[in-house]
Amino acid sequence: MTENTSLSGFIAIVGRPNVGKSTLLNHLIGQKVSITSRKAQTTRHRIHGILTEGAAQFVFVDTPGFQTQHTNALNRGMNRVVTASLRDVHAVLFVIEARHFDERDRQVLELLPQDKPVILVINKADLMKDKSELLPFIEQDSVLRTFAAIVPVSARKDRQLDTLLGAIRPYLAEGEHLYAEDDITDRNERFLAAELLREKVFRFTGEELPYSVSVVIEQFRQEGKLRRIHAAILVDKEAHKIMLIGKKGEKLKEIATQARLDMEKLFDGKVFLEVFVKVRSGWADSAQMLKTLGYE
């Protein structure tokens, strides 16, 4: 294989909720394509993030955090997304949090295929005040299975990400690139707009609003570089709608404004965004509604 041989491969990013999988994806490709928040299970879909570096193309598959506690139709569907994502990848990034390995991590580890190279990614290593604790933690984790590599990183601070890419590169396959050189994701703008709005809902409501909230893009029109977007935020109860709108509509206005700014940055153009809140009771347990919303 020569230095200029084209290489490409799919790399699944898996782990329990809130270990920083989406943050890792965004920082690896240098652009926000997967939303993040402190609320567990923010990611609900399988999302491809694409990084092309010379002859090598890395296609990262961001997956929902594997859910072991809640069992509604939404979470069962997301768990199916995780297991399906592992079938056809070239390598797996198993992401855990520095100094924290518990039964939830162990349950995810047991799902990982034995016939795929698994790289253990210890995220948030920068948060360890005593760096001398890192080596014993690595040694403790190294006996869990035979890992292809163990790489401590700080996704948020872009530390050790080049080392991680170097650990992945040997597992890419020879062959033409699957995407154009400047592609960063396989998702369209309509999907990304919905995700960015949903992220802001989570960020500005904290623990006040239950997890069962979703976003539907009802209209998406592009006029030159201007995008006109009409979106609906779906909630379970009237009380959630009132909470989300806020006093004199201020909370909803703030959510919409911050989502619009992120859309304009990602789409490189002006966005006119109109947002409504609608009550759709029990949507997270409705197979028909989940299909309408595009959950796999």
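Buried means under 20% relative accessible area, exposed means over 50%, and partly exposed is in between (1.4 Å probe, protein chains only). By that scale Phe58, at 1% relative accessibility, is buried.

This is a predicted model, in which local features need pLDDT of at least 70, side-chain atom pairs count only at pLDDT 80 or more, and totals for chains, interfaces and linings use all residues. Residues are numbered from 1 along each chain as its sequence is written, and side-chain values use heavy atoms, with hydrogens and water left out.

Start with confidence. pLDDT is the predictor's confidence in each residue, from 0 to 100. The chain averages a pLDDT of 83, and 80% of the residues score at least 70. Helices (H or I, at least four residues) and strands (E, at least two) are DSSP runs, numbered from the N terminus. Confidence in the chain is highest in helix H5 (residues 161–168), at a mean of 96, and lowest in helix H9 (residues 287–292), at 52. Over residues 39–43 the pLDDT is below 50. That stretch still has 29 contacts in the model beyond near neighbours in sequence, where contact means heavy atoms within 4.5 Å.

Next, the interior. A nonpolar core is a set of buried Ala, Val, Leu, Ile, Met, Phe, Trp, Tyr and Cys residues joined through side-chain atoms within 4.5 Å. The largest one has 29 residues. Leu197, Ile217, Ile229, Ile233, Met263, Phe267 and Leu273 have the most contacts inside it. Two or more residues come from each of helix H6 (189–205), strand E8 (214–223), strand E9 (226–235), helix H8 (250–267) and strand E10 (271–279). H6 gives the most to this core, with 8 residues.

Leaving aside neighbours within four places in sequence, Ile229 is in contact with Ala193, Ile217, Gln219, Phe220, Met263, Phe267, Val271, Phe272, Leu273 and Glu274. A second, separate core has 26 residues, including Leu7, Leu24, Leu25 and Ile29.

Now the charges. A salt bridge is a side-chain nitrogen of Lys or Arg within 4 Å of a carboxyl oxygen of Asp or Glu. By this rule there are 19 salt bridges.

Which residue does Arg227 bridge to? The partner is Glu189, with the closest N and O atoms 2.6 Å apart. Arg227 lies in strand E9 and Glu189 in helix H6, so the bridge ties together parts that are 38 residues apart in sequence. Arg227 has a relative accessible area of 5%, so this residue counts as buried. Glu189, at 27% relative accessibility, is partly exposed.

Lys225 and Asp268 also meet in a salt bridge, at 3.7 Å from N to O. Lys225 is in the loop between E8 and E9, Asp268 is in the loop between H8 and E10, and 43 residues separate them. Lys225 is exposed, at 54% relative accessibility. Asp268 is exposed, also at 54%.

A further bridge joins Lys157 and Asp126, with the closest N and O atoms 3.9 Å apart. Lys157 sits in the loop between strand E6 (149–152) and H5, and Asp126 in the loop between strand E5 (118–123) and helix H4 (134–142). These distant parts of the chain are 31 residues apart. Lys157 is partly exposed at 40% relative accessibility, whereas Asp126 is buried at 16%. Elsewhere, Arg16, Glu97, Asp102, Arg104, Asp105 and Lys124 are linked in a network of salt bridges.

Finish with the rings. Rings of Phe, Tyr and Trp (its six-membered ring) pair if their centres lie within 6.5 Å; planes under 30 degrees apart count as stacked, over 60 as edge-to-face and the rest as tilted. By this rule the count is 2 aromatic pairs. Phe58 and Phe60 have ring centres 6.0 Å apart and planes at 5 degrees, so they are stacked. Phe60 is buried, with a relative accessible area of 0%.

Phe220 and Phe267 form an edge-to-face pair, at 6.4 Å centre to centre and 70 degrees between the planes. Phe220 is in strand E8 and Phe267 in helix H8, 47 residues apart. Phe220 is buried at 19% relative accessibility, and Phe267 is buried at 7%.

Charges meet rings too. A charge sits over a ring if NZ of Lys or CZ of Arg is within 6 Å of the ring centre and within 35 degrees of the ring normal. The charged end of Arg187 sits over the ring of Phe191, 4.2 Å from its centre. Arg228 has its charged end over the ring of Phe272, 5.5 Å from the ring's centre.
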